[in-house]
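Subject: Handing over a structure, with notes

Dear colleague,

I am passing on the structure below, together with some notes on what was found in it. Please read them with the model open beside you.

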Amino acid sequence: MLRKSWNEYFMEITEMVATRSTCDRAFVGCVLVNKDNRIVSTGYNGSVSGNPQCDEIGHTMRDGHCIATIHAEMNALLYCAKEGISVKGCSAYVTHFPCLNCTKALIQAGIEAIYYKEGYRIDDYALELLERNKVIVKKLNY
């Protein structure tokens, strides 16, 4: 049997993480991986811990967005912030291209590469920021 590449391996895990999403507007998963190919955090779309989830009570919509949902990338980063885990130099594997706010947060946290599967609502300014900050961005086709 042919061994999976690291990118295939982590993207498959990211897709599994996305199945935990509680906001059905988009099932998104994120896996943060360090330079030693070790997973440091995962995240998926969902409401604030301890609060009702979209799949229980419906969406809280404003300007076409569900404002109750914390994005997968933010959940992965916030877990690290809460636990004191550095993500400097890590890579982010995400099922969908990060929104502008998640892109800014990933850059600010020190993420050096973003690998994604679906090019959903790719923001031009997000691309500009990623290029300006020399973050590797690659669409994976698995």
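Helices (H or I, at least four residues) and strands (E, at least two) are DSSP runs that are numbered from the N terminus. This is a predicted model, in which local features need pLDDT of at least 70 and side-chain atom pairs count only at pLDDT 80 or more, while totals for chains, interfaces and linings use all residues. Residues are numbered from 1 along each chain as its sequence is written, and side-chain values use heavy atoms, with hydrogens and water left out.

Strand 5 and strand 6 (residues 113-118) run parallel and are joined by five bridges, with Val94 standing opposite Tyr116 in strand 6. Strand 6 is in turn joined to strand 7 by four bridges, again in parallel, and here Ile114 stands opposite Val137 in strand 7.

Within strand 5 (residues 91-96) lies Thr95, which is buried at a relative accessible area of 5% (buried means under 20%, exposed over 50% and partly exposed in between, with a 1.4 Å probe and protein chains only). Not counting residues up to four places away in sequence, Thr95 touches several residues, including Phe27, Val28, Lys117 and Glu118, where contact means heavy atoms within 4.5 Å.

Finally, UniProt, in an unreviewed entry, places the feature "active site" at Glu73; its positions are given in the numbering used here, feature names are shortened, and annotations may be inferred rather than shown by experiment. Glu73 lies in helix 3 (residues 72-83) and is buried, with a relative accessible area of 4%. Leaving aside neighbours within four places in sequence, Glu73 is in contact with Cys30, Val94, His96, Pro98, Cys102 and Leu106.

Key
Pairing = 2+ DSSP bridges.
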